[in-house]
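Please walk through this structure with an eye to surface patches, helix packing and charged pairs.

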Amino acid sequence: MKTSNPVLSRLGQAAERERAAGYGPYGPAAQPGYGQPAYGDPYPTATGYPAAPPAVQPMTIDDVVVKTVTLLGITGATAVAAWALIPDALVGPAWIGAALTGLVLGLVISFMRIANPALVLAYAVVEGVFVGMVSKFFESLYDGIVLQAATATFGVFFVMAALYKARVIRATPKFVRGMVAVMAGLFAVMLINFVLAMFDINTGLRDGSPLAIGFSLVCIVVASLSFILNFNEIEEGVRMGLPARYSWTAAFGILVGLVWLYIEILRLLSYFQGDD
């Protein structure tokens, strides 16, 4: 099946090769008579039959749901542990270290052609530390802001899921291309802003100014719409018969969107909490 997503295209080609090689549910290994000697070949002994490779189970929606809940549980538990165990004096270093480590892991996972559950689980742990430190910092300034941001994040997620299910918003090829371009642009801007902030250079994007509020609103809208891409990728992945291990990659995409959305909502709420 054709897809406008280049990553899914590569994964679909890999799945097709697996099926053609006999490793999928529709490959030669699954066909009657697979492994039997051809006409004219010597009849093998009882131990001479070639072992049929195990069939690879295709990905399902349930697989993605289970993996997503698992990653969210790990991220949440790690965030709580980091909040409780990391002293206040180390919040800043832990925040920056987790952000940089998560960035590297996220890029590695995003550009790998093979799903790696160990890397995805490691990413969830690192993001837990990041979320825990960011949440601890903002909660120390504004009581109750973390609960408000978490509630709003999951509220937006379920609204987007409902809109996608009702086909109110469709992941057309044009929509996908536009979203990928916008997300790449925002990522570049945030990365540059992060580097400049480390040298005490204020760009105005994160200081509570009208520009900062507008930037956070744009990020929240884009992060919300990114779930449409995730849902579309999951549906296409299931239709293309991707192996079940790719459900980890799909769950990773949802986790990235949730963390991004949560951080942006947290920032936006802080801008309306009064003076620091």
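Helices α3 and α6 (173-198) each supply at least two residues of a nonpolar patch, helices being DSSP runs of H or I of at least four residues, numbered from the N terminus. The patch lies on the surface and consists of Ile96, Leu100, Leu107, Phe111, Phe187, Leu191, Val195, Met198, Phe199 and Ile201, with about 930 Å² of accessible area together. Such a patch takes residues with over 30% relative accessible area and no salt bridge, nonpolar side chains (Val, Leu, Ile, Met, Phe, Trp, Tyr) being joined within 5 Å; areas come from the Shrake-Rupley method with a 1.4 Å probe. Ile201 sits in the loop between α6 and α7 (210-239).

This is a predicted model, in which local features need pLDDT of at least 70, side-chain atom pairs count only at pLDDT 80 or more, and totals for chains, interfaces and linings use all residues. Residues are numbered from 1 along each chain as its sequence is written, and side-chain values use heavy atoms, without hydrogens and water.

Helix α3 (residues 91-111) also packs with α4 (residues 117-141): their axes, lines fitted to C-alpha atoms over the stretch in contact, come within 8 Å and cross at roughly 150°. The two are therefore roughly antiparallel, a term for angles over 145 degrees on a scale from 0 to 180. The contact residues divide into 19 nonpolar, 3 polar and 2 charged.

Salt bridges (a side-chain nitrogen of Lys or Arg within 4 Å of a carboxyl oxygen of Asp or Glu) number 4. In one, Lys136 pairs with Asp88, with the closest N and O atoms 3.1 Å apart. Lys136 belongs to α4 and Asp88 to the loop between α2 (61-85) and α3, so the pair links parts of the chain 48 residues apart.

Conventions. Parallel < 35°, antiparallel > 145°, perpendicular 65-115°, else oblique. Nonpolar A, V, L, I, M, F, W, Y, C, P; charged D, E, K, R; others polar. Patch = residues over 30% accessible without salt bridge, like charges linked within 9 Å, V, L, I, M, F, W, Y side chains within 5 Å.
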